[in-house]
Each structure stands twice: as structure tokens, then as C-alpha cells.
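Please look over the sequence and the structure shown here before reading on.

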Amino acid sequence: MNEALLRSLTPSVLGILVRRGADFAAAEDAVQDALVEALRVWPADPPRDPKGWLVTVAWRRFLDQARSDTARRRREELVDEEPAPGPTPAVDDTLQLYFLCAHPSLTPSSAVALTLRAVGGLTTRQIAQAYLVPEATMAQRISRAKRTVSGVGVSPARATSRAGARFDQPGDVATVLRVLYLVFNEGYSGDVDLATEAIRLTRQLAAVIDHPEVAGLLALMLLHHARRATRTAPDGSLVPLAEQDRGRWDTESIAEGVEILQAALARDRLGEFQAQAAIAALHADAPTAEETDWVQIVEWYDELARLTDSPVVRLNRAVAVGEADGPRAGLAALAALDGSSPSPSRKGSAVPRHAAVAAYLHERDGDLTTAARLYAEAAQQAPNLAERDYLTRQAARLNTDRSR
């Protein structure tokens, strides 16, 4: 059974049903029913036209549900609308579905879940396992998202602000890309590799929309994913970029990412993801950590800060400045981010990983006491166990060195 084929056909089948007049929630349910039926029937009796088979079964399932839920007049209209058997029109509705799933009425977590379900073709169970939440919780999240984009359950008072939640007010390109980037950053959990899934969906998006930021995001994903095998040791502990075995990096992914990035940059429409990809490309291009072009990386961070005005970008820029111009310069850049004079502690900073960056720069500057304290503080704020363990070991290492 070719599950990859089923998943690749899901968005186009869903798009056909919606274009025929089915609301999104009912159409998505019907497509899922058709996929289950395909898993049951196809191994013994594979169809000659898989997409046409799915469309026919899904449309019939939708009609069956419509007959029980709607008035007689509407039922008759839907039955009359059923097309005659024959080849399915080669219309790609994938792009429309991407934008629908990134509708501004949805929360980021709901947009990600709906994208994985409607465009990615994953089951609710797979998505729940990937996000480490109960299947029932994920099912409720997806159901709420489908009701939102279908305009179902919207009170009259809110109908004006959320009118046309189906297709006339879809999310813009930037929103779609952020949803895909959220999927990519989830990495791997359960039986679904979300990083690989995000790359697949971004490739699919790049095939239907010509936009330099789509290319920039795809390049960024490929360049980061190329280092995936070296990011953790066999025991699961984190391996910093400078200590990774560059001989194990995926050179094919790096070459593809760089080629895609260069084509995007040549269009002279710089965006956030292109700038991030350029930084990743400079890291990938360095034969050793010592040969990294930190000066150029700082320049790209300057561009990125101009585009986003993000404190996280400025935090990463402080690290790059520390590598390019020395730790004192990095600490000065960190102080500029804080809006204060250089301080050995920034306890409670709202910027993620602020304490970890400060610890690293203080260690490079020779202030091991402050660095050890900040590493311990950063460990308490770490977002995951692997990062917490790494920072705890860094603090312990410096405390041991100081006691000798």
C-alpha cells in the first residue's frame, strides 16, 4: 500500500470537493473516510485512476452525510451536481488549501494541525503522537479549526469580523511560511518525522507558487536538515555546531539548499527566510568551525534585524559579534539588546536562551564564575531535557575547573 501516494493526493481531492460546493469541514471528513476505504480496498484491487477513485468515494460519502443533515431541496441539488464518471480534471488546489489552513482566524497551533491533516494527509493519531498530546485533544483542536474555516458555529456578533472564513480571506504567504516553519521546528516525535514532512510540504508549495521567500524557506530547511545526523550524540545529548562532525553533513542537501538560495537572492527581493538561509549557508560552507566567515554572518544578521526587529535575531547577532570581534564586543552587543550597560546577569530576561548566550560570552572572556552561574540559570530555563542537560554539564565543567 503506497501511503505516500495517498498523502500526496489528499489536498487535490479535498480541493475538488470544496470547489464542488462542500464546506471544508464536511469535505475533509469525507476525504478521510475515502482514505480509510482506500487502505482497505486498494491492496487487493488497486484502481487504475487513484485520484479519480478517491474523488468518487469522497464525494459519495459527502453526499451521504449531506442527505442526512440538510433539507430535501439541498439534497436534490447536490445529487444533480454529481459529475458523470470519467477522468478527473487536472486542477491543483494545493495552494488554495495552504492559504486556507493559514487563515488569520486560526491560532498557530491550530493552523499547524490543520495543515498537517488537510495538506499533509496525516491522521489525527499521527499528529497527536508528534505533538505528544492525547488523540482526543488533537481531534478537538482540528475540529475547531475546521469549523472556523468553514464558518460553522460563528455567532452573528462575530460573523462580520470573520465573514468569509472559507476562501475570501485566506492567510497571506508570510503566514503560510510561518506555519510550515513551525512544523519544521517541531523536528521528530512519534512515528512522523515533522522536519521531513515540512520539507515535503514546502517543496509542494514551491511547485505551485513562484515566490523568493518560499524558496528561501525551502533552502533554510534543507541547510538545517543537512546537519541533523550530527546534532546529537548516540546517548541523545546535544552536540554544539562547533563540535559537530562536518564530514557527516548531507552534502547533497547543502548543495541543493545553496542553489535554491542563490536563485532566490538573485531576484533582489530579500526576505526573512532568505537572510536566515544565507547565514545557514555560511555555516555549511566552512570546512571547520574556525574557518567560519563570522564577519559576513554579522552582516547578514544586520539585514535580518532590519527585516524583523526581533530580539531573538539580535541575541544571535551578539553571538556572531562575539566570534567576529571578540567576547567583549559580543557582551556589548548583548548589553545593547538589554538596553542597559553590560551586566553579568540578566535573570528573568524574556528573550529565550539569553542566559545561555551570556554564559558563553563570559566564559570566552575568562569570567568563569559568572559563566558557571549563568549556565546553571540557563539550564533552569531550558525548553527541553536535552538542552537542560547540556547546560547543566557546562556549569558543572566550569565549577570543576575553578576548584582545581
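## Confidence and overall make-up

This is a predicted model, and the mean pLDDT of the protein is 84, with 83% of its residues reaching 70 or more. Residues 152–168 have a pLDDT below 50, and in the model this stretch has 23 contacts beyond near neighbours in sequence. The pLDDT is likewise below 50 over residues 340–348, a stretch with 17 contacts in the model beyond near neighbours in sequence. Where pLDDT is low, the predicted coordinates should not be read in detail.

The secondary structure of the protein comes to 20 helices and two strands. The protein has 404 residues, of which 46% count as buried. Among the contacts in the protein with a separation of 6 or more, 63% are accounted for by residues 24 or more positions apart.

Helix H10 covers residues 173–185, and its 13 residues reach 18 Å from the first C-alpha to the last, which is close to the 18 Å expected at 1.5 Å a residue. Its buried residues are Val173, Val176, Leu177, Val179, Leu180, Tyr181, Val183 and Phe184. An α-helix has 3.6 residues a turn, so residues three or four places apart point the same way.

Helix H17 has twelve residues, 327–338, and its reach of 16 Å from first C-alpha to last is close to the 16 Å expected at 1.5 Å a residue. The buried residues of H17 are Pro327, Gly330, Leu331, Ala333, Leu334, Ala335, Leu337 and Asp338. What covers these buried residues of H17 includes H16 and helix H18, which spans residues 354–364.

Helix H11, made of residues 194–208, packs with helix H12, made of residues 212–225, at an angle of about 155 degrees and with their axes 10 Å apart. The two helices H11 and H12 are therefore roughly antiparallel to each other, and their crossing is left-handed. On the H11 side the contact is made by Ala195, Thr196, Ala198, Ile199, Thr202, Arg203, Leu205 and Ala206, while on the H12 side it is made by Val214, Leu217, Leu218, Met221, Leu222 and His225.

H12 also crosses H13, at roughly 160 degrees, with the two axes coming within 8 Å. That angle makes H12 roughly antiparallel to H13, and the crossing of H12 and H13 is left-handed. From H12, the residues Pro212, Ala215, Leu218, Ala219, Leu222 and Leu223 meet Ser253, Ile254, Glu256, Gly257, Val258, Ile260, Leu261 and Ala264 in H13. Leu218 and Leu222 of H12 are among the residues that make the contact with H11, and Leu218 and Leu222 are also among those that meet H13.

## H6 against H11

Helix H6, residues 108–119, packs with H11 at an angle of about 70 degrees, and their axes are 12 Å apart. That makes H6 roughly perpendicular to H11, and the crossing of H6 and H11 is left-handed. Thr115, Leu116 and Val119 of H6 make this contact together with Leu194, Glu197, Arg200, Leu201 and Gln204 of H11.

## Loop residues with a positive phi

Most residues other than glycine have a negative phi, and most peptide bonds are trans. Asp268, however, is a residue other than glycine with a positive phi, near 60 degrees. Asp268 is placed in the loop between helix H13 (251–265) and helix H14 (272–285). With a relative accessibility of 69%, Asp268 counts as exposed, because the cut-off for exposed is over 50%.

Asp309 also has a positive phi, in this case near 50 degrees, and is again a residue other than glycine. The loop that holds Asp309 lies between helix H15 (294–308) and helix H16 (311–325). Asp309 counts as exposed at 56% relative accessibility.

## Glu299 in H15

Which helix is the place of Glu299? Glu299 is placed in helix H15, and at 48% relative accessibility Glu299 counts as partly exposed. Glu299 and Arg317 are 18 residues apart along the chain, and their C-alpha atoms are separated by 9.1 Å.

Note on methods:
Residues numbered from 1 in each chain as written. Predicted model: local features only at pLDDT ≥ 70, side-chain atom pairs only at ≥ 80, totals over all residues. Heavy atoms only, no water. Helix = DSSP H or I, 4+ residues; strand = E, 2+ residues; numbered from the N terminus. Buried < 20%, exposed > 50% of the residue type's maximum accessible area, 1.4 Å probe, protein only. pLDDT = per-residue confidence, 0-100. Contact = heavy atoms within 4.5 Å. Expected span 1.5 Å × (residues − 1). Axes fitted to C-alpha atoms, helices over the stretch in contact; angles between N-to-C directions. Parallel < 35°, antiparallel > 145°, perpendicular 65-115°, else oblique. Left-handed = near helix turned anticlockwise from the far one by under 90°.
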